[in-house]
Amino acid sequence: MIANASSRAGDPALSRRLSNEVKGEVLFDPFSRGLYSTDASIYQIEPLGVVVPESEDDIERTIAVARDAGVPVLPRGGGTSQCGQTVGEALVMDVSRHLTRVLEFDPEALTVWVEPGIVLDHLNEFLKPHGLWFPVDVSTGSRATIGGMTGNNSCGARSLKYGPMRDNVLAIDALLADGSSMYFGELPTDLDEAGFTPEHRELVDGLIELGRREADEINKRFPKLMRRVGGYNIDALTPSNKPINLAHLLVGSEGTLAYSKRIKLKLSPIPKYKALGICHFPTFYQAMDSAQHLVKLGPVAVELVDRTMIELSRDIPLFRPTMDKAVQGDPDALLLVEFAGDDKDELLEQLQGLVSRMTDLGFSGGVVEVTDPAFQKEVWEVRKSGLNIMMSMKGEGKPISFIEDCAVELADLAEYTDRLTKVFEKHGATGTWYAHASVGCLHVRPVLNLRQEMDIKKMRAVAEEAFSMVREYKGSHSGEHGDGLVRSEFHEAMFGARMVENFGLVKTTLDPENMMNPGKIVNPSKMDDRSLFRYKPDYRVDVPETALDWSDWGGFSGAVEMCNNNGACRKSDANVMCPSFRATGEERHLTRGRANTLRLAISGQLGADAFTSDDMFETMKLCVSCKGCKRECPTGVDMARMKVEFLYHYTKRHGLKLRERLIAYLPRYAPIASRFGIFLNLRDKIPGVAYLSEKVLGFSARRPLPVWHSTPFRGVAEPGVGETGTNGREVVLWVDTFNTYQEPENARAALSVLRAAGYTVHIPVPADGGRPVCCGRTFLSAGLVDQAKAEASRLIETLRPFAERGVPIIGLEPSCVLSMRDEFAVMLDKDVMGAITEQSMLFEEFLAAEQDAGRLNLSLQDNGFSKVLLHGHCHQKAHDVMGSVEKVLHLVPGLDVETVSSSCCGMAGTFGYQAETYDISMKMGEAALLPAVRNANTATIVVANGTSCRHQIKDGAARDAIHVAQVLHRALAV
């Protein structure tokens with residue numbers, strides 16, 4: 001038997017041996033082990049080490065080394081398990097980075113063989129051109145791997161039609177703990193034809209005998225529900241009129257029986273059409289009681305959204321517009337009822353049938369009908385983000401996962417939920433509810449603070465009462481998320497002692513040495529063992545006095561701890577988050593990875609001074625401060641702001657390198673440097689100088705630096721500044737450092753457009769009459785918060801007289817202008833800001849607002865260009881202002897606008913100029929933006945409002961991108 005392995009954590013001898021045996025990464029350092037010590041559950045257990053295998057051969061070698069060393073192994077995919085399945089004192093094998101291939105695809109047979117690390121959404125992207133999909137559509141499909149879904153017996157929102165993983169996994173090629181490979185699939189009638197080795201034949205005979213012998217007990221003890229994923233699926237071994245499929249035994253086994261090398265899946269045709277009805281209910285009980293009636297209409301999904309989720313969704317900028325359209329009035333609960341098929345008219349009839357049924361139930365007018373596919377997708381995105389939305393509650397109390405997927409018959413659902421609510425009230429807790437009303441499996445989470453012993457006792461009491469109630473209804477205590485560390489201890493109460501013995505027999509049959517993910521399903525720990533919690537009894541944080549204001553989060557630690565590890569940042573859709581993970585595939589360079597590491601560091605779990613260590617710097621280095629997580633992370637983790645805070649403390653301890661100093665202080669020396677621009681520009685003209693600048697300063701020789709313009713923007717000296725306009729309205733044009741000294745043509749174009757529209761244009765001049773005002777953005781990028789505050793204060797004081805008169809303040813560079821809505825609020829006192837935040841806007845925001853108000857008098861003509869390819873700056877996307885630039889471009893007659901679906905361009909301020917991050921920068925750009933620009937024909941104008949974005953496009957695609965102000969300037973009627 002595998003001995004207690006905790007003493008082997010970080011074992012250098014084991015690390016060296018693995019490094020010699022496998023080609024993939026071997027990670028045994030404290031920071032890496034910390035990254036893999038948590039999943040989306042309440043638990044935290046430090047692994048012995050981590051292997052990131054590159055091939056099946058690496059897996060086989062890793063298991064062989066572990067077996068010889070006497071240590072357990074734990075296969076891991078996206079790390080999104082909610083019950084602690086993917087944490088343990090074991091050697092973690094992260095299959096999500098390399099083992100992601102589609103191996104065999106047969107579209108006619110509707111089957112596909114895949115490696116376990118492939119992500120569900122990626123698989124479906126591959127299948128979509130063939131009109132097929134894998135329909136176990138879990139809400140975490142953007143990061144859930146097929147291996148993890150198989151190990152968990154995942155279900156998804158549409159299991160009412162398609163069933164759980166068990167119904168959709170046809171076969172598994174597995175690796176047993178002894179190192180032998182074995183095929184788990186449908187057994188022939190004559191086992192001699194199966195081709196098993198003698199050892200495997202003996203194993204199979206034993207399993208079949210177990211199923212025959214225990215058939216009556218299994219029939220008696222196993223709930224008669226589709227949503228039963230607790231224990232091992234030994235009912236698959238019982239005699240029936242269907243052949244035994246051994247793959248079903250591995251499905252739901254949580255990696256405790258074998259490693260799934262290759263998985264064969266059953267595919268389904270993609271329905272051509274969908275119709276969605278959003279059913280509104282005045283009370284939660286009425287929604288639950290109605291589910292049983294709505295299911296009879298033949299929908300593919302009936303999903304619950306409760307009041308808490310509605311309210312929290314409205315507080316999240318990403319979801320607020322959707323909720324405003326989808327929700328009428330003030331309902332206590334919604335049921336999302338979806339119909340799908342190939343006959344559109346039939347679906348519309350079903351939708352009207354839903355309206356009629358709701359009327360019959362007493363809820364006339366209570367259905368919002370959604371037939372637009374784009375809006376349907378938006379609604380389902382809210383539902384799919386349910387967990388993260390619930391976890392966006394600020395404060396130490398969180399909705400906790402431990403009874404979150406009990407399943408009962410639909411006829412019992414209303415009574416069960418009502419009784420469970422009273423259990424919560426009895427223990428002084430509240431609960432949140434959402435998800436699968438169609439199959440009686442709701443995700444219910446009591447709100448508890450697991451740092452308090454009192455609430456941990458509540459958790460135990462609620463669990464025992466809830467599971468007792470579930471048994472009373474002949475339901476299942478685990479309907480989707482499995483057992484893990486949360487529910488395994490309750491198997492005896494659920495299934496009986498004899499069945500638990502049977503589970504143990506299956507475990508010892510396939511894994512006699514207890515090597516595969518021990519402690520799950522069989523021989524578990526107590527679910528409330530605090531030594532296994534993320535917040536252990538001795539958990540304390542020690543954060544130095546912060547530079548930024550984190551009071552809205554309950555302090556810096558509160559902001560860091562908002563990450564619930566659900567892994568939405570692992571997605572790779574058309575949004576921004578998380579560009580560094582998209583480029584590297586490494587957990588370390590992920591929003592979740594950084595948040596976890598920060599939490600471990602400030603709580604002393606990575607050693608003294610870990611928060612300001614070089615290892616912490618390496619963890620934060622590839623964060624490009626895109627702010628994608630600020631908008632797209634449903635729990636609101638703002639890593640860009642955390643990086644500023646970190647750099648502030650790191651710089652105080654380690655000082656500032658010359659390169660970072662040059663970048664940070666650019667606004668202060670730019671007026672002088674620009675006078676010598678002709679000489680500074682020689683860096684990229686004289687051979688060898690760029691190479692020298694890389695060696696001395698760290699600026700990549702492969703990247704030309706921005707060019708100093710020979711005629712900088714001259715502020716109030718520019719023609720037309722201050723001249724009275726024709727429409728009687730004033731504006732302030734604040735020109736940032738980059739558009740003053742490096743791209744003044746943008747400022748001049750903006751000035752001309754504003755003047756042509758009839759505005760009186762003022763240029764802000766500081767009281768001291770010195771250099772132009774700056775937002776302090778460059779100082780923030782280096783962690784020099786005090787200097788950034790000084791610059792910001794100087795800017796605010798200069799702009800205040802205009803703001804107090806209600807004069808709009810217009811800027812050109814997104815990162816500069818939007819800092820006034822973001823970082824300024826946590827750097828400066830609100831009294832200092834005054835009305836300036838409300839008055840400040842981007843050039844295109846101002847014009848779009850004026851157009852909407854009917855005040856814009858701008859005469860534009862066809863400028864000879866027919867199409868614009870638009871790339872949005874990350875901060876434009878984060879602050880949801882891309883619509884304004886699209887609207888303004890459409891003011892030009894005959895101009896077609898196509899917005900590139902891309903993440904960060906990769907330049908990210910100075911990130912792309914650094915020698916050590918140049919390659920990653922280019923990889924980010926090549927993910928979508930640069931190929932899109934190269935594919936655009938020469939008649940297409942490329943527009944990018946961010947100066948960094950324009951440089952990346954020029955360097956990476958050899959195309960000039962321009963600011964929207966220049967497009968409008970070229971279209972001005974003569």
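Is Phe105 buried, partly exposed or exposed? Select Phe105 and look. Phe105 is partly exposed, because its relative accessible area is 23% and the buried class ends under 20%. Keep in mind that this is a predicted model.

**Stop 1: a ring pair**

The structure holds 19 aromatic pairs. Here the ring centres are 5.3 Å apart and the planes meet at 75 degrees, so this pair is edge-to-face. Now colour by element. Phe105 belongs to strand β5, residues 102-106. Phe126 belongs to helix α4, residues 120-127.

**Stop 2: a second ring pair**

Select Phe281 and Phe363. This aromatic pair is edge-to-face, with 4.9 Å from centre to centre and 75 degrees between the planes. Phe281 sits in strand β12. Phe363 sits in the loop between α13 (344-360) and β15 (367-370). They are 82 residues apart. Phe281 counts as buried, because its relative accessibility is 1%. Phe363 counts as buried too, at 11%.

**Stop 3: strand β14 and its partners**

Select residues 333-341. This is strand β14, and 8 of its 9 residues are buried. Next, show strand β12, residues 273-281. Strands β12 and β14 run antiparallel and are joined by 9 bridges. For one link, find Tyr273: its bridge partner in β14 is Gly341. Then show strand β13, residues 301-306. Strand β13 also runs antiparallel to β14, with 6 bridges between them. Look for Glu303, which stands opposite Leu336 of β14. What holds strands like these together? Strands of a sheet pair through backbone hydrogen bonds, either parallel or antiparallel.

**Stop 4: cysteines**

How many disulfides does the structure hold? It holds 0. Select Cys279. Its nearest cysteine sulfur belongs to Cys441, 20 Å away. Cys279 is buried, with a relative accessible area of 0%. A disulfide needs the sulfur atoms within 2.5 Å. Cys775 counts as buried, at 2% relative accessibility.

**Stop 5: charges over rings**

Select Lys161 and Tyr162. The charged end of Lys161 sits over the Tyr162 ring, 5.5 Å from its centre. Then move to Lys325 and Phe375. Lys325 lies over the face of Phe375, 4.2 Å from the ring centre.

**Stop 6: a ring cluster**

Select Trp550, Phe556, Phe611, Phe617, Phe646 and Tyr650. Ring pairs link these residues into a cluster.

**Stop 7: an open sheet**

Which order do the strands of the 4-stranded open sheet follow? The order is β24-β23-β25-β26, with parallel pairing. The edge strands are β24 (896-899) and β26 (961-962), and each pairs on one side only. Show β23, residues 867-871. Strands β23 and β24 pair over 4 bridges. Within this pairing, Val868 has Val897 of β24 as its bridge partner.

Finish with two helices. Helix α41, residues 882-889, lies across β23 and β24 and runs at about 165 degrees to β23. Helix α44, residues 947-957, packs on the sheet and touches β23, β25 (940-944) and β26. The direction of α44 makes about 140 degrees with that of β25.

Key: Residues numbered from 1 in each chain as written. Predicted model: local features only at pLDDT ≥ 70, side-chain atom pairs only at ≥ 80, totals over all residues. Heavy atoms only, no water. Buried < 20%, exposed > 50% of the residue type's maximum accessible area, 1.4 Å probe, protein only. Pairing = 2+ DSSP bridges. Phe/Tyr/Trp six-rings, centres within 6.5 Å; stacked < 30°, edge-to-face > 60°. Lys NZ or Arg CZ within 6 Å of the ring centre and 35° of its normal. Contact = heavy atoms within 4.5 Å. Axes fitted to C-alpha atoms, helices over the stretch in contact; angles between N-to-C directions.
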